[in-house]
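Trainee: Could you take me through one part of this model up close, and then follow the charged contacts from there?

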Amino acid sequence: MATSAVARETILSLRRKIARIEGTLAERFDAPPAPDVAAVPAAADGVILRQAGLAAKSRLSAGLRTGVARLDAALGGGLPEAALTEIHGPDARDAGAAAGFAMALAGLARKCHAGAPILWIGTGEAFREGGFPYAPGLLAFCGLAPGDLLVSDVQKPADALWVAEEAARLSGLCAVFLEIRGNPHRLDLTATRRLHRRAQIAGHPVFLLRQSAAPEPTAAPLRLVVSAAPATPRATVAGPLAGSVGHPAFSVGIDKSRFALAGQFIVEWNPHDLSFQERGSENPDSMVPLSQRGADPAPAAGSVLAFRSGERQAAARLQPSREQHPVHRRPRRAG
């Protein structure tokens, strides 16, 4: 019994140290039915969190809902509303898809917090690779008016981090997006811990959008990997319109989460309803149909030889026979 108690205390001590480094709460307890904690709102999963011995609501449980039931359930209710969230575009070709997914989240955040603007911070290198936010297009894509989006274009990652840290503490913003390319050395565990902590205090989400970056330790409780997915044909009254392009689609993977298991989802963004929907049986066909036999099919392939007939026979005569190489008949030694 004593050994079990010592092991449990050691594990709790390690959890506290990890939580102190990552800027998260260390302990989870079942919500007691006592009257003295009735005033403390329980988290969505029926537990409360304790920090410094005081009960507090988990700000990571109640989050920004995407509208996709399975994805929200996997995330424990949605994306963290007051925390740092990473959105990774694995390759350079995924920069546009990751930015488009982030812009859709910006539209959802703006719909939940009307009246507060959104700040988008990026380096010149990231904007040159992924593109600069286009105000008329954002209004049609995610419902953001030109006055709803503030853009900060800086040249160095250090300056972008400074702007993001100062903006993360402002409660007058709806959300903060930081777009960084690669793995700059200043974007380390300490910098992300400050971003995460200030997002918790201000009560709004901070999204770290990373282009062509390798996964590395950060204080973000959630990391999503986003890439482009094939779009479906545009839906009409008569059915799918062949050869057309429908709503933009994204492949979203849960790469790291403290409250969810890893998973992969294909979601579509509806710019008219400002909502996501999961790719289901109602959209089974991809934008590019399977190849079919046309009017002029390719001729049947004949026999393919590495040598012409005469050369092949001459090459066969030059090959040594088994009698000339008796070593071929000996069994091969094992090892």
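Mentor: The expected span here is 1.5 Å times one less than the number of residues, and helices (H or I, at least four residues) and strands (E, at least two) are DSSP runs numbered from the N terminus. Of those 18 residues, 15 are buried, so α3 is largely enclosed by the rest of the structure. Buried means under 20% relative accessible area, exposed over 50%, and partly exposed in between, with a 1.4 Å probe and protein chains only.

Keep in mind that this is a predicted model, where local features need pLDDT of at least 70, side-chain atom pairs count only at pLDDT 80 or more, and totals for chains, interfaces and linings use all residues. Residues are numbered from 1 along each chain as its sequence is written, and side-chain values use heavy atoms, leaving out hydrogens and water.

Now the charges. A salt bridge puts a side-chain nitrogen of Lys or Arg within 4 Å of a carboxyl oxygen of Asp or Glu, and that rule gives 12 of them. One of them pairs Glu86 with Arg210 at 3.7 Å, N to O. Glu86 sits in strand β6 (residues 84-89) and Arg210 in strand β10 (residues 206-211), so the pair ties together parts 124 residues apart in sequence. Glu86 is buried at 0% relative accessibility, and Arg210 is buried at 0% too. Arg210 also bridges to Glu216, with the closest N and O atoms 2.8 Å apart. Through shared partners, Glu86, Arg210, Glu216, Arg223 and Asp255 join into one network.
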